[in-house]
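Subject: Structure handover

Dear colleague,

Here is the structure you were expecting. My notes on it follow below.

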Amino acid sequence: MNTENEGTAVPPAPSAPPVPVDSPAASPQAAAHGSGAPTAPLPPVPPGAPTAPQPELVHAGQAPAYASAGSQGPAPHGGPGPEGSWPPPPPATPSYADGGGSGSGWGSSYQQQQPKPRRGRGGLAAAVLVAALVAGGLGGGLGYTLAKNNDNTSSTTVSASNSGGSVKRDPGTVAGVAAKALPSTVTITAESNSGEGGTGTGFVFDTEGHIVTNNHVVADAVDGGKLSATFPDGKKYDAEVVGHAQGYDVAVIKLKNAPSDLKPLTLGNSDKVAVGDSTIAIGAPFGLSNTVTTGIISAKDRPVASSDGSGSNASYMSALQTDASINPGNSGGPLLDAQGNVIGINSAIQSTGSGGLGGTSQSGSIGLGFAIPINQASYVAQQLIKTGKPVYAKIGASVSLDESTNGAKITEQGAGGSSAVESGGPAAKAGLKPGDVITKLDDHVIDSGPTLIGEIWTHQPGDKVTITYERDGKTHTVDLTLSSRQGDS
C-alpha cells in the first residue's frame, strides 16, 4: 500500500513495499510540495508497466507554502522495480475559498424598528480573513452579559460564576500528554536553491540538538538549500541535514546553536503496540503548527510504499496505521501513545482520488494515516548520527514489484542485467533461485515484493530469519542470515 508522506499516491494494502535488491534501483518519493521519501536502490520500473486503479497514498510530508496559491499537492508514490510500478494520481484538497453561499447568517431574519438616523456615522463592514486563521488562529472566550432595562427604577447584572474550581489535567489525559510533548516538537521549513519547499514536523531526539523527521520533509534542503526549525514558543533555529535515508524515509537534522534545555521525547516500544491503542499525533497540517489530533492504532504491519515524486527511489515500510487526522505538514511528527511515548513517525496518508470542492490536487486526511515504527526509525536515526549514511538489511535477491497476492517472486534477471540472486549472498547460500515465490518471512505473510522489502527492512543486518517459499508447486522453508548494504545509491 502506498501512502502519503503527505502528498504522494501509492498502491493500497495488501500490497506494499518492493524488496531491496543488490542492484540499485529507483523509485519515486512522495512529496507534499517539497517532501518525499526515496528508498534504497531497487530495480528500475519499466516505462510500460501497467497501473491498476486504487486509492491514492501520499506523503504526509511538507505542506505547500501559502505564498504560492497554485502549489501542487503530494506527488504520486511508487516503487521502483523490474516489473511493476505504482503511480496512482495525486489526491486533491478542497478549496475553502470556494463554495461560499450567500444569505443571512445562522437564523431567520426579523423586523425591528427603524433607528433614528444619525449623522457623521458610516456603516460598519465585517470581513472574514482566511489568512488570519492560517497564520495564527482565532481565539474565543466566555464572558458575561450585562442587561439593563430602560426604566429608571432598577438594573440587573448577570455574570458567569467563577467558582467552578481549579482545572486539573492528569498526565495521562490528551491535554497532559500534549502539554509535555509539544515543547519538544518543531515545525521544519525546507527550501531548495530554487526557492521551492514546504513545511513538515520533527521532534527532539537528544540533548545535542538532533531532530528526527522524514527524509521527504528535508529533501529540498539536502543539496545546499535552507533549513530551519521553529519551536512552539516561537524560537527559530537554522539547521543542517546530518543524514537521510530515502528507503526508510527517515532523516536527522541538527540545530545550529542548539539551546541547552532541550528535552528529548521518550521513545516507546512499537513492537508492543496493539490494535485499538490510543494515539496522539502532533504536526503542522497545511502549515498549522503545533496541531494535536487523536485516534487509535487501526492496524499493524501495514505494507506501505511511498515516494517524494522526484523520480529517484521509493521508501518502504511495515507501518503502524492510525485514524488520527494526518495531513500534509504532519510528516516527520511524532505519533504518541496514551502515556506520551513516541511509537512512530507520521509519514504518509492514503487519500481518495477525488478533486474535492476546489478541484485542487492537494490530498487530505480520510482517517488512513501511516507511521514508521519507532523501533526501526530509532535504529536508523542512530546510524545516521554516527556515519551520516543508512544501513539496509538485505537477502541478496531481486524480486518483482508487480502487485500481487501470491507472494514475492524472485525475478529471472536483476537490475541492469545482473544476476537476480547475488552470488555468495544470503539467498544464494539458502538455495533460493529465480522463479521461487517467497510467501512468508518468519510469521509474516508476504503477498508481494514491496511487502517483502518492508518486512526485511524492519530487521537489522545479521538478524536470522526464516523464509518460506514455493517452487514447482511445493512449499519449502529455509533459514538465512541477513547481510547489509550501506547508503541509498
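Strands E19 (residues 437-441) and E21 (residues 464-471) pair in the antiparallel sense over 4 bridges. Two strands count as paired if DSSP finds at least two bridges between them. Helices (H or I, at least four residues) and strands (E, at least two) are DSSP runs, numbered from the N terminus.

This is a predicted model, so local features need pLDDT of at least 70 and side-chain atom pairs count only at pLDDT 80 or more, while totals for chains, interfaces and linings use all residues. Residues are numbered from 1 along each chain as its sequence is written, and side-chain values use heavy atoms, with hydrogens and water left out.

E19 and E20 form a hairpin with 2 residues between them, and aspartate 442 in the turn has a positive phi of about 55 degrees. E19 is largely enclosed by the rest of the structure, because 4 of its 5 residues are buried. Buried means under 20% relative accessible area, exposed over 50%, and partly exposed in between (1.4 Å probe, protein chains only).

Helix H6 (residues 449-456) has 8 of its 8 residues buried, so the helix is largely enclosed by the rest of the structure. Among them are Leu452, Ile453, Glu455 and Ile456. The buried residues of H6 pack against E18, E19 and E20, and also against E12, strand E13 (315-322) and strand E17 (391-394). In helix H2 (residues 174-181), Gly176, Val177, Ala178 and Ala181 are buried. The buried residues of H2 pack against strands E5 (185-191), E11 (278-283), E12 (291-306) and E14 (334-336). Contact here means heavy atoms within 4.5 Å.

Histidine 210

Histidine 210 lies in strand E7 (residues 210-213). Is histidine 210 buried or exposed? Histidine 210 is buried, with a relative accessible area of 5%. Its side chain makes a polar contact with the side chain of aspartate 206, at 2.7 Å. A polar contact is a pair of N or O atoms within 3.5 Å; within protein, one must be able to donate a hydrogen and the other to accept it, and residues adjacent in sequence count only if both atoms are side-chain atoms. Leaving aside residues up to four places away in sequence, histidine 210 touches Phe203, Val204, Phe205, Val242, Val252, Ile253, Lys254 and Ile385.

The chain as a whole

The protein chain contains 6 helices and 23 strands. Of its 489 residues, 49% count as buried. Among contacts between residues at least 6 apart in sequence, 74% join residues at least 24 apart.

Confidence

pLDDT is the predictor's confidence in each residue, from 0 to 100. The protein chain averages 73, and 62% of the residues score at least 70. Confidence is highest in E7, at 98, and lowest in helix H1 (residues 130-135), at a mean of 28. pLDDT stays under 50 over residues 6-56, for which the model has 358 contacts beyond four places in sequence. Residues 354-360 also stay under 50, with 18 such contacts.

Regards
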